[in-house]
Amino acid sequence: MVTDISYKIFSRPQDYGKILALQEKTRNEVIGKKHCGTIFFLEHDHVYTVGIRGKEEDFIDVAAINRENIPVHKIRRGGEVTWHGPGQLIIYPVINFRKAGFVSIKEFVNFFGESIREALEKSVE
């Protein structure tokens, strides 16, 4: 039986740094066994993230980024450069799979898909 996992829906675009800090806080709570996790649904303010393989030459227009004062965050994930911003739905699952009661990745993927559907239905109400 899968334990309840909470989710949080943000109604306005969010600052990337604040959401990253919230994910890290939630991760620490999950590791500390305070709960088994949360799924966050949101949009970000305009931001670029640069993964561990990212380089300045990966940006299409550095001058525009500087001119428009778009934040750039270096992060600890694979990948290169990713843009996030208003209109783009971002979903961050911060979950301990085993503690939540999932027996397989397939079970989690099915649960995750259903959680997305339920959250989107509630946000439309």
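This is a predicted model: local features need pLDDT of at least 70, side-chain atom pairs count only at pLDDT 80 or more; totals for chains, interfaces and linings use all residues.

Visitor: Where in the protein chain is confidence lowest, and where is it highest?

Guide: Helix α4, residues 105–124, has the lowest confidence, with a mean of 84. The highest is found in α1, at 96.

Visitor: Let us turn to the sheets. What is the strand order in the one that contains β2?

Guide: The order is β1-β2-β6, in an open sheet of three strands with mixed pairing. Its edges are formed by β1 and β6 (90–95); each has a single partner strand, so one side of each lacks a neighbour in the sheet. On average, neighbouring strands of this sheet are turned by 15° against each other, direction ignored.

Visitor: How many bridges join β1 to β2, and how do these strands run?

Guide: Four bridges join them, and β1 and β2 (residues 37–42) run parallel.

Visitor: How do β3 and β4 run relative to each other?

Guide: They run parallel and are joined by three bridges. Within this pairing, H73 of β4 is the bridge partner of T49.

Visitor: Staying with T49: is it buried or exposed?

Guide: T49, which is located in strand β3 (residues 47–50), has a relative accessible area of 1%. T49 is therefore buried, as the value falls under the 20% cut-off.

Visitor: What does its side chain meet?

Guide: The side chain of T49 makes a polar contact of 2.9 Å with that of R77. Beyond its neighbours within four places in sequence, T49 is in contact with Y16, H73, I75, R77, E80, V81, T82 and H84.

Visitor: A change of topic: where does Q14 lie?

Guide: Q14 is placed in the loop between β1 (6–9) and α1 (16–31). Apart from neighbours within four places in sequence, its contacts are I19, L42, E43, H44 and D45.

Visitor: How far apart are Q14 and G37?

Guide: Their C-alpha atoms are 20 Å apart in space, with a sequence separation of 23 residues.

Visitor: On to charged side chains. How many salt bridges are there?

Guide: The count is four salt bridges. One of them joins E29 and K25, whose closest N and O atoms are 2.8 Å apart.

Visitor: Why are E29 and K25 separated by about one helical turn?

Guide: Because they are four residues apart in helix α1, about one helical turn separates them. Regarding accessibility, E29 counts as buried at 18%, whereas K25 is partly exposed at 49%.

Visitor: Which residue does E114 meet in a salt bridge?

Guide: E114 forms a salt bridge with R117, at 2.1 Å from N to O. Both residues lie in helix α4, three residues apart, or about one turn of the helix. E114 is partly exposed at 32% relative accessibility, and R117 is partly exposed with a relative accessible area of 37%.

Visitor: And what does E121 pair with?

Guide: The side chain of E121 also meets R117 in a salt bridge, at 2.6 Å from N to O. These two residues are four apart in helix α4, so about one helical turn lies between them. The relative accessible area of E121 is 43%, which means that it is partly exposed. Through shared partners, salt bridges join E114, R117 and E121 into one network.

Terms used:
Residues are numbered from 1 along each chain as its sequence is written. Side-chain values use heavy atoms; hydrogens and water are left out. Contact means heavy atoms within 4.5 Å. pLDDT is the predictor's confidence in each residue, from 0 to 100. Buried means under 20% relative accessible area, exposed over 50%, partly exposed in between (1.4 Å probe, protein chains only). A polar contact is a pair of N or O atoms within 3.5 Å; within protein, one must be able to donate a hydrogen and the other to accept it, and residues adjacent in sequence count only if both atoms are side-chain atoms. Two strands pair if DSSP finds at least two bridges between them. Axes are lines fitted to C-alpha atoms, for helices over the stretch in contact, and angles run from 0 to 180 degrees between N-to-C directions.
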